[in-house]
There are 2 protein chains.
Amino acid sequence: MMKSAEQHARVAQVLTPEDLLAHWQGHRKLTRRVIETFPEDAFFNYSLGGMRPFAKLAQELLSIAGPGIKEIATGKTTEYQEGVDPGQNKANILTLWDEATEEINTYYAQISLERFQEHIKLFGQYEGTVSSNIFYFIDNEIHHRGQGYVYLRALGIEPPAFWER
Amino acid sequence: MMKSAEQHARVAQVLTPEDLLAHWQGHRKLTRRVIETFPEDAFFNYSLGGMRPFAKLAQELLSIAGPGIKEIATGKTTEYQEGVDPGQNKANILTLWDEATEEINTYYAQISLERFQEHIKLFGQYEGTVSSNIFYFIDNEIHHRGQGYVYLRALGIEPPAFWER
């Protein structure tokens with residue numbers, strides 16, 4: 001049986017745009033569980049080695065994901081902003097997290113396959129392809145979440161399993 | 001001007017096999033710099049929260065990368081093995097790291113584009129596509145390296161910049 005063009009495109013890709021979105025959102029789900037796992041006080045105040053508490057890292061991730069994908073989809077350059085402090089309240093961060101999840105789904109769907117290798121300058125300064133920028137979002141999140149795992153372990157708390165997304 | 005089939009394939013991909021290899025090796029270069037940055041003693045003995053010292057994490061990464069890509073390329077299933085202890089010597093680990101770099105380049109080049117969405121069971125147990133397994137290698141490395149950054153900071157040592165690959 002002949003393959004349709006669509007089936008062929010599906011097979012002959014390292015990964016499809018849908019795969020990449022699922023990969024990203026899977027990581028974001030895990031990070032959300034890490035936020036949930038932190039005790040309220042430790043989330044905002046605990047740190048090691050003079051690094052930022054996990055709340056600040058979560059805010060950084062929120063400042064990148066939604067605004068980044070929106071800029072990629074719309075082409076409207078905005079300056080990178082660390083984001084408004086949502087106050088000393090973990091529930092607020094989780095709400096912002098869920099809003100970003102929807103925002104990502106919405107704007108990501110507007111990016112055509114042809115654009116992933118397009119050269120862009122995100123937030124007016126980060127040069128690379130659309131793909132390399134999205135991978136940077138993901139990698140940066142995994143990196144900071146890895147910090148969070150150490151914070152949790154040092155607090156005597158078992159973090160969520162890394163491989164569950 | 002018409003695009004050749006090859007040029008078109010290049011454009012209409014989230015990322016090419018070559019992009020993914022460069023992405024992976026870029027991360028491995030950074031991890032290598034993190035290993036180099038650790039003082040010899042701390043590399044083998046320092047840890048936080050009851051987690052493994054960075055030497056053990058580096059050994060895990062070595063046990064996955066080379067053997068994993070070899071199994072993917074050759075189709076010969078082997079059991080996952082944590083690997084032989086290279087002794088209390090950072091230079092040995094760096095040598096093994098560089099050998100793995102070559103091994104990855106060699107075996108990766110044998111994987112055709114069509115195989116990236118193939119379903120496999122790596123080390124006889126990790127189910128997923130070739131792509132998802134390779135991304136797991138990379139993500140797991142970023143995750144553990146993130147731990148290493150906290151160890152270094154807690155030791156008062158500046159880690160290499162995350163964005164330099």
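**Note on a predicted two-chain model**

1. In chain B, helix H4 (residues 54-74) packs against helix H6 (residues 130-154) at about 165 degrees, the axes being 10 Å apart. Axes here are lines fitted to C-alpha atoms, for helices over the stretch in contact, and angles run from 0 to 180 degrees between N-to-C directions. H4(B) and H6(B) are therefore roughly antiparallel (under 35 degrees counts as roughly parallel, over 145 as roughly antiparallel, 65 to 115 as roughly perpendicular, the rest as oblique). Helices (H or I, at least four residues) and strands (E, at least two) are DSSP runs, numbered from the N terminus.

2. This is a predicted model: local features need pLDDT of at least 70 and side-chain atom pairs count only at pLDDT 80 or more, while totals for chains, interfaces and linings use all residues. Residues are numbered from 1 along each chain as its sequence is written, and chains are lettered from A and ligands numbered from 1 in the order in which they are written.

3. The crossing of H4(B) with H6(B) is left-handed (the near helix is turned anticlockwise from the far one by less than a right angle; clockwise would be right-handed). Residues in this contact include Phe54(B), Leu61(B) and Ile72(B) from H4(B), and Val130(B), Phe137(B) and Tyr151(B) from H6(B). Two residues are in contact if their C-beta atoms, placed from the backbone, lie within 7 Å. By class there are 9 nonpolar, 6 polar and 1 charged residues; Ala, Val, Leu, Ile, Met, Phe, Trp, Tyr, Cys and Pro count as nonpolar, Asp, Glu, Lys and Arg as charged, and the others, Gly among them, as polar.

4. H6(B) also packs with helix H2 (residues 17-37) of chain B, where the axes come within 10 Å and cross at roughly 25 degrees. That makes H2(B) roughly parallel to H6(B). This crossing, too, is left-handed. Among the contributors are His23(B), Trp24(B) and His27(B) of H2(B), with Glu141(B), Ile142(B) and Arg145(B) of H6(B). The class count is 7 nonpolar, 5 polar and 2 charged.

5. Strand S1 (residues 119-122) and strand S2 (residues 126-129) of chain B run antiparallel and are joined by 4 bridges; strands pair if DSSP finds at least two bridges between them. His119(B) has Thr129(B) as its bridge partner in S2(B). The hairpin has 3 residues between the strands, and Phe123(B) there takes a positive phi near 50 degrees.

6. Chain A has 6 helices and 2 strands, in the order α-α-α-α-α-β-β-α along the sequence. Its C-alpha trace spans about 55 × 40 × 25 Å along the principal axes.

7. At the interface, 31 residues of chain A are in contact with 31 residues of chain B. On the chain A side, the elements giving two or more residues are helix H2 (17-37) and helix H6 (130-154). H6(A) supplies the largest share, 13 residues. The chain A side divides into 16 nonpolar, 11 polar and 4 charged residues.
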